[in-house]
Amino acid sequence: MGPANLTQVSEFLLLGLSEEAELQPLIFGLFLSMYLVTVLGNLLLILAFSSDPHLHTPMYFFLSNLSFVDICFTSTTIPKMLLNIQTHSKVITYEGCITQMYFFTLFAVLDDFLLTVMAYDRFVAICHPLQYTVIMHPRLCGLLVLVSWILCVLNSFLQSLMVLRLSFCTNLEIPHFFCELNPMVQLACSDTFLNNLVMYFVTVLLGSGPLAGILYSYSKIVSSIRAMSSAQGKYKAFSTCASHLLVVSLFYLTSLGVYLSSAVTHSSQSSAAASVMYTVVTPMLNPFIYSLRNKDIKLALKKFLGMTGIKETIILRLIKCP
């Protein structure tokens, strides 16, 4: 590709999920609703955990972090998409695109890391219950989360630097509703061999590593549950990790679905539609999955909402008083 065909990029065009004008109000309303449910649901969980001393345990500490990351994850992509629909614009600046790609990569991988840490927590709780408080002490919990953040930040920084070295042509249309790493690399006119090499190596390393950790943890958990003689003990042990297992399955199956849809159909629009599952639907469902099957969380939510209602009543009465 000759230098004359290269251009100094100032902006990209996000084509979105559909270019049909009559569908835009429907897409806007649907994604706004899902975004609000995601933010409010995860925020409620965080506030409930922080307000109830009984939930100041490693499992709920990790779950609070997961809820925070899910809020950030959806906030990276959905607000910009809603703004573009509302303003009838598809433009995103070059700097904005790189920034969005950086944070999307960061929180997507961090989600995976936190699910792995939570699997380890369940492994210790079920396979080594007598040593649980000794092993999962606050310092280790904080260290696990901190290391996860550091690794994900470094990975996102590396991927962003790799994209910054690329040159782009006049075709700056991204067939997606947000700036993702792979579509941006495919738009480049310069040599992308090194980018693809780094991208696939990191994907295998950061994807298979956590997955192997989760599979190992649950293989040990299943062995421990099968060795239990009491049916009630088996049910109690399984119920403590059922929600996490469902969230893990949802995360990996939706990610696999996106990969397969892009590989089979070779349609960018189909891939973008499939990616809605892990970028929006999964973070939205996580609070419901954890709260509906957990009595402690439901009780904490009732207490928190009850306290909030009492405070609002007191404030209203004070306002009405002369």
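Here is a short walk through the helices and cores of this structure. The model is predicted, so local features need pLDDT of at least 70 and side-chain atom pairs count only at pLDDT 80 or more, while totals for chains, interfaces and linings use all residues. Residues are numbered from 1 along each chain as its sequence is written, and side-chain values use heavy atoms, with hydrogens and water left out.

α1 has 28 residues and reaches 40 Å from its first C-alpha to its last, close to the 40 Å expected at 1.5 Å a residue, where the expected span is 1.5 Å times one less than the number of residues. Its buried residues include Phe31, Tyr35 and Phe49; buried means under 20% relative accessible area, with a 1.4 Å probe and protein chains only.

Now for the inside. A nonpolar core is a set of buried Ala, Val, Leu, Ile, Met, Phe, Trp, Tyr and Cys residues joined through side-chain atoms within 4.5 Å. The largest one holds 72 residues, and Phe31, Leu63, Ile221 and Ile297 touch the most other members. Among the elements giving it two or more residues are α1, α2 and α10, but the largest share, 18 residues, comes from α3. Another core, of 20 residues, lies apart from it, with Ile92 and Phe168 among its members.

Finally, look at α3 beside α5. Their axes (lines fitted to C-alpha atoms over the stretch in contact, with angles from 0 to 180 degrees between N-to-C directions) come within 8 Å and cross at roughly 150°. The two helices are therefore roughly antiparallel, a label for angles over 145 degrees.

Key. Buried < 20%, exposed > 50% of the residue type's maximum accessible area, 1.4 Å probe, protein only. Helix = DSSP H or I, 4+ residues; strand = E, 2+ residues; numbered from the N terminus. Parallel < 35°, antiparallel > 145°, perpendicular 65-115°, else oblique.
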